[in-house]
Amino acid sequence: MLYFTAPYEDREKVAALGARWEFSKWRWCVEDRKDYAKFSKWLDGSLIFDKLYILSVDTACPHCGAKTRVAALAVGAYSEHFEPKVYGEGELNILYGFENISGGLSEYLKAKFPIKKRFYQPYGYKYLVNGCTKCDEIISDDSLFCEESSPFFINSEEKADNLKIVKVRLCGDGVLNAKIRLAFDRKLFKNLPSAEEIEIKF
């Protein structure tokens with residue numbers, strides 16, 4: 001099941017495609033995953049998932065050495081481009097940066113972490129990126145994800161235990177315009193069952 005919004009002027013088109021207006025949530029609802037593709041025009045992405053987590057950890061800024069808190073997003077099992085095949089079962093799948101994150105989720109991340117929209121030279125455009133709380137320099141995705149020593153390269157239970165994990169409560173499936181960067185065995189994350197749970201509209 002997926003909830004989504006659409007402009008008022010599109011209401012007849014959305015209804016004709018089979019979506020149901022859910023008065024209690026003030027959103028449109030589509031029941032079956034195989035029908036999601038019909039509504040791609042109104043969905044902010046094509047990565048479909050049923051669990052979303054915000055991971056955070058303290059790390060040393062590569063520029064000034066100060067301790068700063070950085071964040072990443074992860075999902076459970078997922079499908080891409082509205083295809084029926086499901087990937088990542090039994091894994092925690094970390095998303096590639098925040099460049100396509102918007103709405104309430106974006107606002108939550110910016111309020112809780114030193115994350116803001118900046119121009120990042122390697123990508124050639126502005127996007128949401130982790131920064132340092134002291135020197136305000138960009139902390140690149142490469143330094144956060146790509147090396148075995150990176151804070152979000154979770155190759156041991158010890159590194160997994162250092163993470164603070166927040167579970168985002170979803171009403172049905174979630175959808176984002178994002179890509180999977182890393183995948184790790186869920187068994188490493190012993191603190192998942194006790195993770196704090198929050199609700200965000202996005």
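Tutor: Strand S5 is largely enclosed by the rest of the structure, because seven of its nine residues are buried. Buried here means under 20% relative accessible area, exposed means over 50%, and partly exposed covers the range in between, with a 1.4 Å probe and protein chains only. Strands (E, at least two residues) and helices (H or I, at least four) are DSSP runs numbered from the N terminus. The model is predicted, so local features need pLDDT of at least 70 and side-chain atom pairs count only at pLDDT 80 or more, whereas totals for chains, interfaces and linings use all residues. Residues are numbered from 1 along each chain as its sequence is written, and side-chain values use heavy atoms, with hydrogens and water left out.

The partners of S5 come next. S5 (residues 52–60) pairs with S6 (residues 67–75) in the antiparallel sense through nine bridges; two strands count as paired if DSSP finds at least two bridges between them. Within this pairing, Leu-52 stands opposite Val-75 of S6, and Ser-56 has Ala-71 as its bridge partner. The two strands form a hairpin with six residues between them, and Gly-65 in the turn has a positive phi of about 85°. S5 also runs antiparallel to S11, to which five bridges join it. Tyr-53 finds its bridge partner there in Lys-167. In a regular strand, the side chains alternate between the two faces of the sheet.

These strands belong to an open sheet of six strands with mixed pairing, in the order S13-S8-S6-S5-S11-S14. Its edges are S13 (180–185) and S14 (196–199), each of which pairs on one side only. From one strand to the next, the twist averages 35°. Helix H2 (residues 103–112) packs on the sheet and touches S5, S6, S11 (164–169) and S14, and its direction makes about 25° with that of S5. Contact means heavy atoms within 4.5 Å; axes are lines fitted to C-alpha atoms, for helices over the stretch in contact, and angles run from 0 to 180 degrees between N-to-C directions.

Ser-79 has its place in S7 and counts as buried at 4% relative accessibility. Apart from neighbours within four places in sequence, Ser-79 is in contact with Arg-33, Ser-46, Leu-47, Ile-48 and Lys-85. His-81 lies in the loop between S7 (78–80) and S8 (91–95), and it counts as exposed at 54% relative accessibility. Most residues other than glycine have a negative phi. The phi of His-81, however, is near 55°, a positive value.

Trp-26, in the loop between S2 (20–22) and S3 (27–30), likewise has a positive phi, of about 55°. Trp-26 counts as exposed at 58% relative accessibility, while Trp-21 counts as partly exposed at 28%. Rings of Phe, Tyr and Trp (its six-membered ring) pair if their centres lie within 6.5 Å; planes under 30 degrees apart count as stacked, over 60 as edge-to-face and the rest as tilted. The structure holds nine such aromatic pairs. The pair of Trp-21 and Trp-26 is edge-to-face, because the ring centres are 5.3 Å apart and the planes stand at 75°.

Charged side chains also meet rings. Arg-11 lies over the face of Tyr-8, at 3.9 Å from the ring centre, and Lys-25 lies over the face of Tyr-3, at 5.4 Å. The criterion places NZ of Lys or CZ of Arg within 6 Å of the ring centre and within 35 degrees of the ring normal.

Finally, the cysteines: the whole structure contains zero disulfides, a disulfide being a pair of cysteine sulfur atoms within 2.5 Å. The nearest cysteine sulfur to that of Cys-64 belongs to Cys-132 and is 3.7 Å away. Cys-64 counts as partly exposed at 36% relative accessibility. Cys-29, by contrast, counts as buried at 1%, and its sulfur is 10 Å from the closest cysteine sulfur, in Cys-171, too far for a bond.
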